[in-house]
Amino acid sequence: MEKVILITGASSGIGKETAKLFQAKNWKVAATMRSPEKAEDLQKIVDLECIKLDVTDPDSIRSAIDRTLEVFGRIDAVVNNAGFAVVGPFEAATSEQIERQFETNVLGLMSVCREILPYFREQKRGTIVNVASMGGRLTFPLYSIYHASKWAVEGFSESLQYEVKEFGIKIKIIEPGPIKTDFYERSMSISKKEGLTAYDNFVARAMPNMQKAGETGPDGSVVAEAIYDAVTDDSWKMRYPVNSRAILIARRLLPDALFLPLIRKAILR
Ligand SMILES: NC(=O)c1ccc[n+]([C@@H]2O[C@H](COP(=O)([O-])OP(=O)(O)OC[C@H]3O[C@@H](n4cnc5c(N)ncnc54)[C@H](OP(=O)(O)O)[C@@H]3O)[C@@H](O)[C@H]2O)c1
């Protein structure tokens with residue numbers, strides 16, 4: 001039987017690559033996004049439906065799930081991929097930036113889970129894939145608000161899997177390292193405060209090194225492959241690092257006193 005996947009944030013980067021990969025593997029794909037009218041290339045693909053979904057708008061989540069069921073008749077997997085990053089000194093961030101970070105990366109993802117869980121529970125199976133980040137397990141400077149959101153996604157996902165396993169529902173966490181997508185450009189909201197210059201030197205030293213990691217990373221297709229594995233490998237394995245395995249092992253093995261200076265040295269070269 002053909003299977004159906006719903007993906008959030010499928011307009012670009014990892015979400016778009018994931019939509020294309022699942023379609024190529026004969027899945028039916030609900031490629032959801034804030035502005036489906038702009039996705040002219042995706043609209044031409046068979047068995048792929050572009051559907052409006054803004055994760056900060058619960059009504060749009062509900063109607064995207066309804067539309068997917070109407071078009072394809074079922075849902076087997078959901079990928080919570082939509083996200084962005086507030087970047088810059090914490091002190092310079094506005095309340096609006098902090099709230100929007102959590103509304104999108106955390107509360108939006110939770111809302112999608114809450115809407116799909118009754119359906120998955122009823123059908124006694126389903127897979128939810130949450131795109132966290134290696135930044136949900138370790139940190140870099142200037143990303144404090146983004147890290148807080150991704151650490152929240154890790155904790156939420158790990159706890160949720162205990163509750164839903166007995167209903168046949170799998171929770172998978174994807175932990176990408178730097179991936180070359182729009183993330184390092186239009187999906188960044190820079191924190192900057194008029195008159196606050198104290199951090200300028202630190203930002204000038206750290207920022208180019210962080211951006212370089214994104215520019216030299218692999219493209220979103222490697223994450224799409226990991227998401228495909230997570231959905232189809234028939235296991236209860238929970239975490240899937242992508243381009244992040246070595247640093248995550250180092251984080252696990254090294255005490256803070258060794259690991260944190262290593263990060264500082266790498267970033268403030
Ligand atoms: N690139 C990396 O290095 C990296 C590393 C680790 C984790 N990640 C995570 O991977 C995920 C995808 O990012 P990406 O790298 O593929 O960047 P991207 O190309 O910028 O994609 C981000 C996507 O999220 C969507 N989005 C943002 N706010 C949304 C909202 N309120 N409702 C629905 N969609 C929304 C964007 O839609 P619009 O087109 O409407 O803006 C876009 O489709 C994010 O969760 C990110 O944190 C990325």
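How many cavities of 30 Å³ or more does a search of the whole structure find? The points below take this up and go on to a pocket and the salt bridges.

1. The model is predicted. A search of the whole structure finds one cavity of 30 Å³ or more. The volume of the largest cavity is about 30 Å³.

2. The residues lining the largest cavity are T8, V55, N80, N81, A82, T104, G108 and L109. Helix α4 (residues 95-123) gives the largest share of this lining, three residues. By class, the lining of the largest cavity holds three nonpolar residues, five polar and no charged.

3. The second largest pocket has a volume of about 240 Å³. Its lining is made up of K3, W27, D76, A77, R125, G126, T127, G168, K170, V231, T232 and D234. At least two residues of the lining of the second largest pocket come from each of β6 (126-131) and α7 (221-232).

4. The salt bridges in the model number 18. As background, side chains of opposite charge can pair when their charged atoms come close.

5. R62 has salt bridges with D59 and with E115. In the pair with D59, the closest N and O atoms are 3.2 Å apart. Both R62 and D59 belong to helix α3 (residues 58-72), where they sit three residues apart, about one turn of the helix. D59 has a relative accessible area of 51% and is therefore exposed, the cut-off being over 50%. R62, with 37%, is partly exposed.

6. The E115 and R62 side chains meet at 3.1 Å, N to O. This pair links distant parts of the chain, with E115 in helix α4 and R62 in helix α3, 53 residues apart. E115 is partly exposed, at a relative accessible area of 25%.

7. K172 and D233 also meet through their side chains in a salt bridge, at 3.4 Å, N to O. K172 is in strand β7 (residues 169-176) and D233 is in the loop between α7 and β9 (239-242), so the pair ties together parts that are 61 residues apart in sequence. K172 is buried, with a relative accessible area of 0%, whereas D233 counts as partly exposed at 31%.

8. One network of salt bridges that share partners joins R137, E154, E158, E175 and R239.

Definitions and conventions: Residues numbered from 1 in each chain as written. Predicted model: local features only at pLDDT ≥ 70, side-chain atom pairs only at ≥ 80, totals over all residues. Heavy atoms only, no water. 1 Å grid on protein atoms, 1.4 Å probe; cavity = no way out; pocket = protein on both sides within 12 Å on 5 of 7 lines; lining within 4 Å. Points joined across faces, edges and corners; volume = space filled by probe spheres on them. Helix = DSSP H or I, 4+ residues; strand = E, 2+ residues; numbered from the N terminus. Nonpolar A, V, L, I, M, F, W, Y, C, P; charged D, E, K, R; others polar. Salt bridge = Lys/Arg side-chain N within 4 Å of Asp/Glu carboxyl O. Buried < 20%, exposed > 50% of the residue type's maximum accessible area, 1.4 Å probe, protein only.
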